[in-house]
Amino acid sequence: MDITQLGDRILSGDRRALARAITLVESRRADHRVDATELLERLARAGRQALRIGLSGTPGVGKSTFIESFGMMLVGQGLRVAVLAVDPSSARSGGSILGDKTRMERLSRESNAFIRPSPSQSHLGGVARRTREAVALCEAAGFDVVLIETVGVGQSETVVSELSDLFLLLLAPAGGDELQGVKRGIMEMADIILVNKADGPLKPVATRTCADYAGALRLLRKRPQDPEHFPKALTVSAVEEHGLAEAWAEMQALVEWRKAQGHWQDNRAAQARFWFGQEVRHALLARLETPQARAEMDRLATAAAVGDMTPASAAEQMLAYLKVN
């Protein structure tokens, strides 16, 4: 693979090259990892940045419908939009449906939109193992907004906040009591809470739910990266496309304030530090996957199972083995 040529095609906005590059960075092969690292280093020199928007919510809340309506609105304003949708993988077979592109039929036909579903595989936190690199590739390809849709796993799904500039949380009307709004975890990570399905008979319920969450947000400790009245709760209807323009205006206002106050770059620097630590941890865990390490793990695990040594002492011996080897 000619990495230089692939990089040039991505910088020119070639969507086929972008899709091929994402496949490359998602590969686990050692030679592909070398090529992916070289490609990302080359593209980073271009210095391109996009607005990264992470989007989470419970399954069935309408994340894909919202992304399509929201994405169509942004495309209509002349912006280029990339969607990275993370699909849950089966714990039994390891497979994924990857059907998000089918859900976004209108957006997938737009020339200024790019949709890429990826399997979560065994990675926890709602995003795929290489979503961060896929975001960097979309930025290099010249997209203005990158939407990162998580699998929708619940309140522990906070990793997406470590690779986005804005974190949106989609909630359904009458989804719970006001106490849900002050629970730690995903709720306190959100920059804007959007109560979806505010249409038809659910509209009054959505309005009350939004008021409940707005009241709950006022009880949370104020974060330094938030201006007055943020984080806030808003109602939207992805089906009727109501409230999308207002939500986008609030996002833009928050981004401009953070850039003016220096929080934008501070956040990206903190994220780079976080992912550096993650790469080191994954590299250390990969050392356990060699045949020799697996054999030693099996030997020590058996010794712990039959009571010849405690699990703690067996772990210490395994760590000593890794240090030597």
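Where does Met309 lie? This predicted model places Met309 in the loop between H12 and H13. The legends below start there.

**View 1. Met309 sits in the loop between helices H12 and H13.** Met309 has a relative accessible area of 19%. The cut-off for buried is under 20%, so Met309 counts as buried. Leaving aside residues up to four places away in sequence, Met309 touches Leu300, Ala303, Ala304, Ala314 and Gln317. Of these, Leu300 and Ala304 also belong to the H12 side of the contact between the two helices, while Ala314 and Gln317 belong to the H13 side.

**View 2. Helix H12 packs against helix H13.** H12 covers residues 291–305, and H13 covers residues 311–324. Their axes lie 9 Å apart. The angle between the two helices is about 160°. Angles over 145 degrees count as roughly antiparallel, so that is how H12 runs relative to H13. The crossing of H12 and H13 is right-handed. H12 brings Gln292, Ala293, Glu296, Met297, Arg299, Leu300 and Ala304 to the contact. H13 brings Pro311, Ala314, Gln317, Met318 and Tyr321. By class, the residues of this contact are eight nonpolar, two polar and two charged.

**View 3. Helix H1 packs against helix H3.** H1 spans residues 3–11 and H3 spans residues 30–44. The two axes are 10 Å apart, at an angle of about 45°. H1 and H3 are therefore oblique to each other. The crossing of H1 with H3 is right-handed. On H1, the contact uses Ile3, Thr4, Leu6, Gly7, Ile10 and Leu11. On H3, it uses Asp35, Glu38, Leu39, Arg42 and Leu43. The contact of H1 with H3 counts six nonpolar, two polar and three charged residues.

**View 4. Helix H7 is mostly covered.** H7 runs over residues 131–140, and eight of its 10 residues are buried. The buried residues are Thr131, Glu133, Ala134, Val135, Leu137, Cys138, Glu139 and Ala140. What is the relative accessibility of Cys138? The value is 0%, so Cys138 counts as buried. Just after H7 comes Gly142, with a positive phi of about 95°.

**View 5. Cys210 is a buried cysteine.** Its relative accessible area is 11%. How many disulfides does a search of the whole structure find? The search finds zero.

**View 6. Lys197 has a positive phi without being a glycine.** Most residues other than glycine have a negative phi. For Lys197, phi is about 65°. Lys197 is found in the loop between strand E6 (192–195) and helix H9. Is Lys197 buried, partly exposed or exposed? With a relative accessible area of 30%, Lys197 is partly exposed.

**View 7. The loop between H9 and E7 holds His229 and Pro231.** Helix H9 covers 203–217 and strand E7 covers 232–235. His229 has a positive phi, near 75°, and is not a glycine. At 62% relative accessibility, His229 counts as exposed. Most peptide bonds are trans. The bond that joins Phe230 and Pro231 is cis, with omega about -5°.

**View 8. Val255 is a buried residue of helix H10.** H10 spans residues 244–261. Val255 has a relative accessible area of 7%. Which residues does Val255 touch, not counting those up to four places away in sequence? They are Leu51, Leu166 and Trp264. Asp226 is 29 residues from Val255 along the chain. The C-alpha atoms of Val255 and Asp226 are separated by 9.9 Å.

**View 9. The whole protein has 13 helices and seven strands.** This view sets the close-ups in context. The protein has 325 residues, and 46% of them count as buried.

Definitions and conventions:
Residues numbered from 1 in each chain as written. Predicted model: local features only at pLDDT ≥ 70, side-chain atom pairs only at ≥ 80, totals over all residues. Heavy atoms only, no water. Axes fitted to C-alpha atoms, helices over the stretch in contact; angles between N-to-C directions. Helix = DSSP H or I, 4+ residues; strand = E, 2+ residues; numbered from the N terminus. Parallel < 35°, antiparallel > 145°, perpendicular 65-115°, else oblique. Left-handed = near helix turned anticlockwise from the far one by under 90°. Contact = heavy atoms within 4.5 Å. Nonpolar A, V, L, I, M, F, W, Y, C, P; charged D, E, K, R; others polar. Disulfide = S-S within 2.5 Å. Buried < 20%, exposed > 50% of the residue type's maximum accessible area, 1.4 Å probe, protein only.
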